[in-house]
Amino acid sequence: MKLPIVKIGFPGLRRSCKPVEEAVWKNPKFAGFIKSMVQTMYGAQGVGLAANQVGVDLRAIVLECRASKRYPGSPHFPLQAYVNPRVVSASKKMDVDWEGCLSIPGYRGLVPRHQSLVVEAQRPDGTKLRRRVSGFEARVFQHEIDHINGFVYIDRMPDMKTLMHEGEMTRLAQAAQKKTKSR
Ligand code: NI
């Protein structure tokens, strides 16, 4: 079941979410909720989603980036669902790249993120895990963990002048392509 995604201004996006306790992950309804989060992310063509983006006050996130034939060089990582994720350590090295958010539709901005991370989390069934992630996957982790702590990517932008409407981004990309072709 696809769920409606709340937008910036919804108070629950600005609060730290509640930990997922044992009683929650043992409730069979919880697996169904995680499945709905995944369907919502797919439906919106997102690469990640946090529970408070569908109005649920819980520390749960899902993420996936599919390799695309249209963009063979694009980053990809498999479908993952976590509860109570936290960053254990982060690289000093930062990468700057474009980010957007399903709760702030239509915009992109340049955001610095740690290049790699060690993350501890639980699977939706409660089993614990620890993972090292890097690059685009680490970026999505930081974006989603920010969500469940009440932050959005624009809070992390050092220069708000890089905020762009997607329409303008497409226009600039098309203009750049034309320029290359005419050479
Ligand atoms: Ni987001």
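**Reading salt bridges and burial**

Q: Is Arg130 buried or exposed?
A: Arg130 has a relative accessible area of 54% and is exposed (buried means under 20%, exposed over 50%, partly exposed in between, with a 1.4 Å probe and protein chains only). This is a predicted model, in which local features need pLDDT of at least 70 and side-chain atom pairs pLDDT 80 or more, while totals for chains, interfaces and linings use all residues. Residues are numbered from 1 along each chain as its sequence is written, and side-chain values use heavy atoms, without hydrogens and water.

Q: Which residue forms a salt bridge with Arg130?
A: A salt bridge is a side-chain nitrogen of Lys or Arg within 4 Å of a carboxyl oxygen of Asp or Glu. For Arg130 the partner is Glu120, with the closest N and O atoms 2.8 Å apart. Arg130 lies in strand β7 (residues 128-134) and Glu120 in strand β6 (residues 116-122), so the pair ties together parts 10 residues apart in sequence (strands are DSSP runs of E, at least two residues; helices are runs of H or I, at least four; both are numbered from the N terminus). Glu120 is partly exposed, at 23% relative accessibility.

Q: Where do Arg139 and Glu99 lie?
A: Arg139 is in helix α3 (residues 135-148) and Glu99 in strand β4 (residues 94-99), 40 residues apart. Their salt bridge has its closest N and O atoms 2.8 Å apart, and both residues are buried.

Q: Which residues are linked with Arg139 and Glu99 in a network of salt bridges?
A: The network also includes Arg113, Asp146 and Arg156. The whole structure has 13 salt bridges.
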